[in-house]
Each structure stands twice: as C-alpha cells, then as structure tokens.
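Open the model in your viewer and keep the selection tool at hand. The stops below say what to select and what is found there.

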Amino acid sequence: MIEAAELAKRYGSKTAVDRISFTVKPGQVTGFLGPNGAGKSTTMRMIVGLDRPSGGDVRVNGKHYAQHAAPLREVGALLDAKAVHTKRSAYNHLRAMAATHGIPNSRVKEVIDMTGLGPVAKKRVGGFSLGMGQRLGIAAALLGDPHTVILDEPVNGLDPEGVQWVRHLVKGLASEGRTVFLSSHLMSEMALTADHLIVIGRGRIIADAPISEIIAGQGQSRTRVRTENPGELVRALAADGVTTQQLEPELLEITGADTRRIAQAALANQVLVYELTPLQASLEEAYMQLTGDAVEYHSHDLPQAPAGAGAQGGK
Ligand SMILES: Nc1ncnc2c1ncn2[C@@H]1O[C@H](COP(=O)(O)OP(=O)(O)OP(=O)(O)O)[C@@H](O)[C@H]1O
C-alpha cells in the first residue's frame with residue numbers, strides 16, 4: 001500500500017507536484033497516467049526517497065521508504081533504466097546489487113530467467129538496446145521479491161512481445177497480492193493492463209477511479225440515430241438543450257441524451273427512427289477530455305506549418 005498525503009514538490013518557482021493525496025492498494029494494477037511533465041516521475045521518486053518532498057508525506061506500508069529495515073525487499077522500483085554501470089554485465093550488476101542487500105545468488109538467476117535476459121546476461125550492459133535495458137531495470141526491481149513494485153514507463157522501448165510480457169508480469173504480481181504502481185502516457189496500454197487509474201496533469205490529480213468508471217464517466221453519452229425526419233427530431237430535442245450534429249441526410253449524432261430519451265422524443269413527435277446506437281467513448285477520448293486543460297506542451301503551440309503542407313488525404 002502506498003499512501004500520499006498532500007505531497008508536494010517545487011523546483012524553484014516551478015511546482016512539479018501540487019499537494020496530491022492518493023492511495024495505491026495491493027492486489028491490483030494501478031496506472032499512473034498523465035501527459036509529459038505532469039509530475040509522474042517526480043512523484044515516484046519521492047515515494048522511494050530519491051527526491052525530498054517540499055511538503056506533505058508519502059509512505060509505503062505505513063513507513064517512509066528509508067525507514068524500512070530492508071527497503072529493496074519492501075519496494076522494487078524501475079525509475080531510470082539507463083542508471084546502470086555500463087561496463088558491467090547484467091549478471092554482475094544484479095549480483096552486486098544482491099550482495100549488498102543480503103539477497104542470495106539463486107534469486108539473481110531467477111530474475112534473469114523471469115525477464116528473459118538469459119542469452120545476454122554475461123554481456124556488457126553498455127551495449128544493451130533500450131528494451132534490454134528496461135528488462136534489466138525490471139529484473140533489478142524484482143530482485144528483493146518486493147511487496148510493492150513501482151515501474152516508471154516500463155514499456156518504453158519494448159517491442160510488442162515485450163509490451164505483452166510486461167502486461168502479464170504486472171498482472172501476475174498484482175494477483176499475488178502485491179501493490180503495483182505503473183506510470184505511462186500510453187492510454188491503449190493502460191486500458192489493457194490497469195485495474196485502477198490515477199490521472200495527473202500539471203502536478204494535480206484529475207481523476208482517481210477504476211478504469212471502467214473513467215471511461216463511463218468522462219465520455220458524454222453520444223448516440224447515432226438514423227431517421228427519415230431528422231429536422232423534426234432535432235427540433236424536438238433542441239428544446240431540451242441537447243446537441244445534435246447531422247452527419248448525413250438521415251444520420252444524426254446526438255450528445256447529451258440517452259437512447260430512451262431520444263426514443264421518447266421521436267415517439268411524441270411521430271418521427272420514424274430506424275437506428276439508435278449508443279456510442280461509448282474510448283479511453284483515449286476520455287483521457288483527452290480529462291487532461292485537455294492540463295497538458296503543459298500543446299501540439300498546437302508549435303509553429304504553424306506553411307499553408308498547404310501536410311494537407312494530403314483531405315477530401
Ligand atoms: N530536477 C528538476 N529541476 C527542475 N524542474 C524539474 C526537475 N525535475 C522535474 N522538473 C519539472 O517538473 C515537472 C514534472 O516533471 P516529471 O518528470 O515528474 O513529469 P512526468 O509526468 O514524469 O513527465 P514525462 O512523462 O515527460 O516523464 C516538469 O515540468 C519538469 O520540467
């Protein structure tokens with residue numbers, strides 16, 4: 001269990017994390033989601049004592065990270081996959097870590113097997129690809145067989161097989177009752193991996209809920225309607241403050257009214273409707289709606305492309 005209370009971090013005049021409170025529970029995968037610069041890495045670094053909070057508090061299983069007698073057995077973290085001595089082999093790197101924490105060599109072999117590093121374990125880490133470096137970082141995080149696992153962007157640089165492997169690994173760790181906290185800016189990946197989401201933007205928590213609730217709550221109900229008399233239906237619904245968009249002569253997309261209300265309006269006005277389809281917002285749409293105001297670097301802040309550039313494909 002990770003518990004943050006009013007946790008804050010300032011760098012000079014910049015507030016990276018703005019008095020956030022949240023709990024990461026055991027037995028499920030909690031995703032930590034947010035745009036670039038939202039404060040995810042800073043928060044994770046404070047959890048493991050690598051950054052000192054400017055305010056508030058964060059504890060793992062009731063104690064500050066450094067107060068644990070054997071922190072590596074309590075919390076395993078992947079924070080910066082590149083922070084490894086490049087001249088050592090993966091095996092020697094893990095062995096050195098294990099030796100300083102009283103972890104037996106047999107565990108080193110176990111995590112090498114778990115992370116698929118076997119074939120490259122004796123090679124120098126300096127020559128590792130980004131994906132191999134990520135696997136080594138995850139192996140190091142799991143070395144102490146910790147109750148709590150914190151992974152900052154673990155799928156960064158992994159190929160599709162690697163992404164799937166991380167997904168199975170973290171779900172497996174959670175099913176064993178461990179606390180798993182995982183950051184990403186990849187919505188699609190979170191939808192497949194996380195049970196619960198904490199969404200952060202500009203250092204503040206925007207949402208903290210089960211993933212299903214985030215999807216259901218954010219996407220305003222939209223319905224696709226085919227009717228022989230769209231004008232009449234639009235008039236009937238407009239009176240109730242509902243927004244409609246006519247996509248084709250007999251096709252409407254209606255926002256802000258559920259299917260029952262649309263059917264009632266159609267019945268009351270004797271309008272024939274021959275399709276009524278609720279449209280669910282994708283996680284991507286829900287995320288864009290949530291973080292719309294919280295993105296630090298908007299793409300449209302970039303200089304405009306010259307007129308006509310990139311316009312191919314338009315109809
Ligand atoms: N050491 C530092 N000194 C000054 N500012 C910092 C420092 N570390 C982070 N920041 C700033 O704090 C904010 C949060 O950064 P952080 O790296 O925690 O975000 P993030 O959500 O992990 O982003 P990303 O997805 O890009 O890694 C950013 O605006 C960043 O520029």
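Predicted model: local features only at pLDDT ≥ 70, side-chain atom pairs only at ≥ 80, totals over all residues.

By class, the shell around the ligand is made of three nonpolar, seven polar and two charged residues. To display this shell, select Tyr-11, Lys-14, Ala-16, Gly-34, Asn-36, Gly-37, Ala-38, Gly-39, Lys-40, Ser-41, Thr-42 and His-185, which surround the ligand.

Next, colour the elements that contribute to the shell. Strand 2 (14-24) and helix 1 (40-47) supply at least two residues each. Which of the elements gives the most to the shell around the ligand? Helix 1 does, with three residues.

**The two domains**

Now zoom out to the whole chain. The domain assignment gives domain 1, residues 2-211, and domain 2, residues 220-279. Give each domain its own colour. The centres of domain 1 and domain 2, taken over C-alpha atoms, are separated by 47 Å.

**A pair of helices**

Select residues 230-238, which form helix 9, and residues 259-268, which form helix 10. At what angle do helix 9 and helix 10 pack? The angle is about 115 degrees, and the axes of the two helices are 9 Å apart. The crossing of helix 9 and helix 10 is right-handed.

To see where they touch, show the side chains of Leu-233, Ala-236 and Leu-237 in helix 9. On the side of helix 10, these residues meet Ile-262, Ala-265, Ala-266 and Ala-268. The contact of helix 9 with helix 10 has seven nonpolar residues, no polar ones and no charged ones.

The last stops concern backbone angles. Most residues other than glycine have a negative phi. The next two selections have a positive one.

Go to Glu-153, in the loop between strand 6 (148-152) and helix 6 (160-175). Its phi is near 50 degrees, a positive value in a residue other than glycine. Is Glu-153 buried or exposed? Glu-153 counts as buried because it has 20 C-beta neighbours inside 10 Å, and 20 or more is the cut-off for a buried residue.

Then select Arg-202, in the loop between strand 8 (196-201) and strand 9 (204-210). Arg-202 is not a glycine, yet its phi is positive, at about 50 degrees. How many C-beta neighbours does Arg-202 have inside 10 Å? There are 19, so Arg-202 counts as partly exposed.

Conventions. Residues numbered from 1 in each chain as written. Near = placed C-beta within 6 Å. Helix = DSSP H or I, 4+ residues; strand = E, 2+ residues; numbered from the N terminus. Nonpolar A, V, L, I, M, F, W, Y, C, P; charged D, E, K, R; others polar. Axes fitted to C-alpha atoms, helices over the stretch in contact; angles between N-to-C directions. Left-handed = near helix turned anticlockwise from the far one by under 90°. Contact = placed C-beta atoms within 7 Å. Domains from an automatic or database assignment. Buried ≥ 20, exposed ≤ 12 C-beta atoms within 10 Å, placed from the backbone.
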